[in-house]
Amino acid sequence: MILTYWIAASATATLVINAFLKDSSASKVSIEAWTFIIIATLLWPITLPFIVGSKLRAAAACQAKAQAEKQRLERKQPFSAI
């Protein structure tokens, strides 16, 4: 049971810290930012589903955009020799 908690908390911490480090506008020495990361990690049963859901929605939107662009290009050139 405790191992499951720590694995999920570690996954949450990794995702949150990755996003934090990629954000060029965030202060890396801010106590408030690091406090937020710690709280988000401790509350992983709430935060992890939202993080995963957000990433899945972003991936689906990217895939839908690529599919729409492909269809738009196919309509533009209906008689292409493939």
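The questions and answers below go from the whole chain to single residues.

Reader: What is the mean pLDDT of the chain?

Author: The model is a predicted one, and pLDDT expresses the predictor's confidence in each residue. In the chain, 93% of the residues reach 70 or more. The mean pLDDT of the chain is 88.

Reader: Which helix has the highest mean pLDDT among the elements of the chain?

Author: The chain holds three helices and zero strands, and from the N terminus on its elements run α-α-α. Helix α3, residues 44–76, has the lowest mean pLDDT among them, 89. The highest, 92, belongs to residues 31–42, which form helix α2.

Reader: What percentage of the contacts with a separation of 6 or more joins residues 24 or more positions apart?

Author: Contact here means heavy atoms within 4.5 Å. Of the contacts in the chain with a separation of 6 or more, those between residues 24 or more positions apart account for 58%.

Reader: Is Phe20 buried or exposed?

Author: Phe20 is found in helix α1. Its contacts, not counting residues up to four places away in sequence, are with Ala26, Ser27, Lys28, Ala33, Trp34 and Ile37. Its relative accessibility is 10%, and the limit for a buried residue is under 20%, so Phe20 counts as buried.

Reader: How are the rings of Phe20 and Trp34 arranged?

Author: The count of aromatic pairs comes to three. In the pair of Phe20 and Trp34, the ring centres are 5.0 Å apart and the planes stand at 75°. The pair links distant parts of the chain, with Phe20 in helix α1 and Trp34 in helix α2, 14 residues apart. Because planes over 60 degrees apart fall into that class, the arrangement is edge-to-face.

Reader: Which residue has its charged end over the ring of Phe20?

Author: The ring of Phe20 has a charge sitting over it, 5.0 Å from the ring centre. Among the contacts of Phe20 is the residue concerned. The charged end is that of Lys28.

Reader: Which residues do ring pairs link into a cluster?

Author: Ring pairs are counted between Phe, Tyr and Trp where the centres lie within 6.5 Å. Such pairs link a cluster made of Tyr5, Trp6 and Trp44.

Reader: With which residues is Ile17 in contact, leaving aside its neighbours within four places in sequence?

Author: Ile17 has its place in helix α1, residues 2–22. At 28% relative accessibility, Ile17 counts as partly exposed. With those neighbours left aside, the contacts of Ile17 are with Trp34 and Ile37.

Reader: How does Trp34 count, with a relative accessible area of 32%?

Author: A residue is buried under 20% and exposed over 50%. Trp34, at 32%, lies in between, so Trp34 is partly exposed.

Technical notes:
Residues numbered from 1 in each chain as written. Predicted model: local features only at pLDDT ≥ 70, side-chain atom pairs only at ≥ 80, totals over all residues. Heavy atoms only, no water. pLDDT = per-residue confidence, 0-100. Helix = DSSP H or I, 4+ residues; strand = E, 2+ residues; numbered from the N terminus. Buried < 20%, exposed > 50% of the residue type's maximum accessible area, 1.4 Å probe, protein only. Phe/Tyr/Trp six-rings, centres within 6.5 Å; stacked < 30°, edge-to-face > 60°. Lys NZ or Arg CZ within 6 Å of the ring centre and 35° of its normal.
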